[in-house]
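Q: Please take a close look at the strand pairing in this model. I would value a connected account that also sets the pairing beside a few residues elsewhere in the chain.

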Amino acid sequence: MSHLQEKHADVYERVRYTIMDSSPTLHSLQKTIIQEGCHSEKVELVLKDMTDVAENKVPFLSKSNVPTIVISLELLDNLPHDKVSKCKRTRVVQQAELRQTKKRDYGSGMEQETFLKKGKRWKEVFVPLSDPLLKNVLETLPSYAGLGSPKWVPTI
């Protein structure tokens, strides 16, 4: 920010810097440091739980027509990316997978939705748990598989 201010004042005037974190401890530390810095009026700190983002409870970024650069470092990497559920009929733990499908291919299992990505149709299906890392997480934290509805699991 100091470099922009000194060398590109016109850009500095238009820049906003948003720091998003999912750790309350780091968020608090960053807030203290930023408030003491010379660019505090340009910096916005956001505390956001990435599980809430993954479950569409809160947006990752608000919609904007302003050119935006996302430097993810660790934040996007910490998004939960594995989903499990317990089959209501069999009580067997299942994991979610994305399967490419044809327009009229409805298949079987607990399908959540179909969507288009890169011109192809995909659907989310639940299959028997086979991922070793997920199995390890669920053995360590069995509460993640305790509910019948699908649940995101942090496998960091």
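A: Two strands are taken to pair if DSSP finds at least two bridges between them. The model under discussion is a predicted one.

Strand β3, residues 82–86, meets that condition with strand β4, residues 93–101: three bridges link them in the antiparallel sense. Within this pairing, S85 faces Q94 of β4 across the strands. Six residues separate β3 from β4 in the hairpin, and R91 there adopts a positive phi near 65°.

Strand β4 also has β6, residues 120–128, as an antiparallel partner, and eight bridges join these two strands.

Another strand, β7, covers residues 151–153 and contains V153. V153 is classed as buried because its relative accessibility is 0%, and the cut-off for that class is under 20%. Twelve residues separate V153 from L141 in sequence, and their C-alpha atoms lie 9.8 Å apart in space.

For a surface counterpart one may turn to helix α3, residues 24–36, which holds L26. L26 has a relative accessible area of 43% and is therefore partly exposed. Together with L29 and I33, L26 makes up a nonpolar surface patch with about 290 Å² of accessible area in total.

Terms used
Residues numbered from 1 in each chain as written. Predicted model: local features only at pLDDT ≥ 70, side-chain atom pairs only at ≥ 80, totals over all residues. Heavy atoms only, no water. Patch = residues over 30% accessible without salt bridge, like charges linked within 9 Å, V, L, I, M, F, W, Y side chains within 5 Å. Areas by Shrake-Rupley, 256 points an atom, 1.4 Å probe, with all protein chains shown as cover. Salt bridge = Lys/Arg side-chain N within 4 Å of Asp/Glu carboxyl O. Helix = DSSP H or I, 4+ residues; strand = E, 2+ residues; numbered from the N terminus. Buried < 20%, exposed > 50% of the residue type's maximum accessible area, 1.4 Å probe, protein only.
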